[in-house]
Amino acid sequence: MGSWNLRRIVAVTVAAAAVAGMTAACGRGGDDTKQASGPRIAIVTRNFTNPYWAALRDGALAEGKQRGVEVNVQAGTSETDADGENAKISTLAGQGYDCFGVVPVNASNVITPLVPVARAKKTILNLDSQIDPAASSAAGVSYASFIGSDNIAAGTLAGQKMLTALGGSGKVVILQGIAGEQNGINREKGFTEATGGKLDIVQRAPADYEQDKALQVTEAILKAHPDITGIFAANDTMGLGAVQAIKNAGLAGKIKVISVDGIKDALASVKNGDLYGTITQYPYAEGQLAVQACIAAHAGKPIPQRVVAPIAFIDNSVVDQQLASFPKPFAPFDNPLAALVAG
């Protein structure tokens with residue numbers, strides 16, 4: 001090969017390498033710019049079958065899109081799928097995310113998979129249901145913030161509304177959630193305290209936040225206690241199961257059912273006059289708040305140790321307003337993170 005041809009090949013090769021290097025640099029610069037503008041956010045919840053968790057996912061994804069940050073929301077396969085949820089966290093822990101938001105199945109299941117996240121000094125948010133603080137501390141896991149509704153307040157509000165619905169007295173049943181799950185415990189506590197000495201709670205029965213199970217449990221309860229006048233369900237899917245059982249028993253209109261969450265099917269049931277009311281907890285807003293907290297923390301801004309998501313009682317008087325606004329709150333609420341992510 002002649003020297004001119006050799007020099008030409010070398011020159012072309014060097015030029016091509018330079019172009020490739022520039023292209024690669026531009027690619028890295030684009031990624032760096034994206035990462036510099038905000039964190040990569042991973043959120044893990046229980047499942048997407050329950051519309052409540054699907055709404056939390058949708059709120060987080062919408063907020064991420066609006067803010068121009070990457071948000072990845074994963075979940076287990078059921079309300080009790082602790083192993084599936086933990087596997088999602090472990091996988092995401094190795095994928096370079098900067099901020100994690102986690103809804104536990106119970107008070108302790110997510111602690112072990114969060115240990116490597118904590119060791120990497122990533123921001124961790126405890127979402128919706130309280131993770132055991134003592135067990136977390138023992139494992140070296142800490143949380144930048146808890147973001148969720150005040151579930152005792154939700155139960156208290158449900159109790160107050162049940163008293164009004166029943167004229168201040170009557171026999172009622174409580175449909176509980178998953179055994180040991182703090183949200184359900186707190187809702188039951190609030191309801192019990194609000195109705196203490198006024199309503200007779202004749203039975204408390206778990207239905208695992210599942211509609212079919214609540215249907216079966218309520219059918220059995222109606223046989224054992226045919227004179228009940230109210231049912232408090234710790235979430236809407238159980239409330240809807242109770243409503244169906246009441247219809248099946250030919251008791252429609254005779255038993256008031258109040259539940260918690262504010263999912264769309266529950267709102268439709270309120271509008272139809274089947275469900276007396278729901279305490280909506282706005283999971284869509286909770287997902288938005290989680291993303292906002294991650295962005296603020298990534299920017300080095302101090303975020304509140306607790307951010308309380310809004311709640312509201314939805315009955316026939318306001319259900320049309322809530323349906324029109326769904327899944328967002330129909331009224332403004334105090335958001336301490338808004339100023340931290342403004343601009």
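**The disulfide and the fold**

Author: The model is a predicted one. The torsion about the S-S bond of Cys99 and Cys294 is about -70°, so the disulfide is left-handed.

Reader: Where do Cys99 and Cys294 lie in the secondary structure?

Author: Cys99 belongs to strand S3, which covers residues 99-102, and Cys294 to helix H11, which covers residues 283-298. The pair therefore ties together parts that are 195 residues apart in sequence.

Reader: And how far apart are the sulfur atoms of Cys99 and Cys294?

Author: The sulfur atoms of Cys99 and Cys294 are 2.0 Å apart.

Reader: Is Cys99 buried or exposed?

Author: Cys99 is buried, at a relative accessible area of 1%. Cys294 also counts as buried, its relative accessibility being 2%. The cut-off for buried is under 20% relative accessible area.

Reader: How many disulfides does a search of the whole structure find?

Author: The search finds 1 disulfide.

Reader: Changing topic, then: how many helices and strands are in the protein?

Author: The protein has 12 helices and 12 strands.

Reader: What share of the 343 residues is buried?

Author: Buried residues account for 48% of the 343 residues.

Reader: Of contacts between residues at least 6 apart in sequence, what share joins residues at least 24 apart?

Author: Of those contacts in the protein, 75% join residues at least 24 apart.

Terms used: Residues are numbered from 1 along each chain as its sequence is written. This is a predicted model: local features need pLDDT of at least 70, side-chain atom pairs count only at pLDDT 80 or more; totals for chains, interfaces and linings use all residues. Side-chain values use heavy atoms; hydrogens and water are left out. Helices (H or I, at least four residues) and strands (E, at least two) are DSSP runs, numbered from the N terminus. Buried means under 20% relative accessible area, exposed over 50%, partly exposed in between (1.4 Å probe, protein chains only). Contact means heavy atoms within 4.5 Å. A disulfide is a pair of cysteine sulfur atoms within 2.5 Å.
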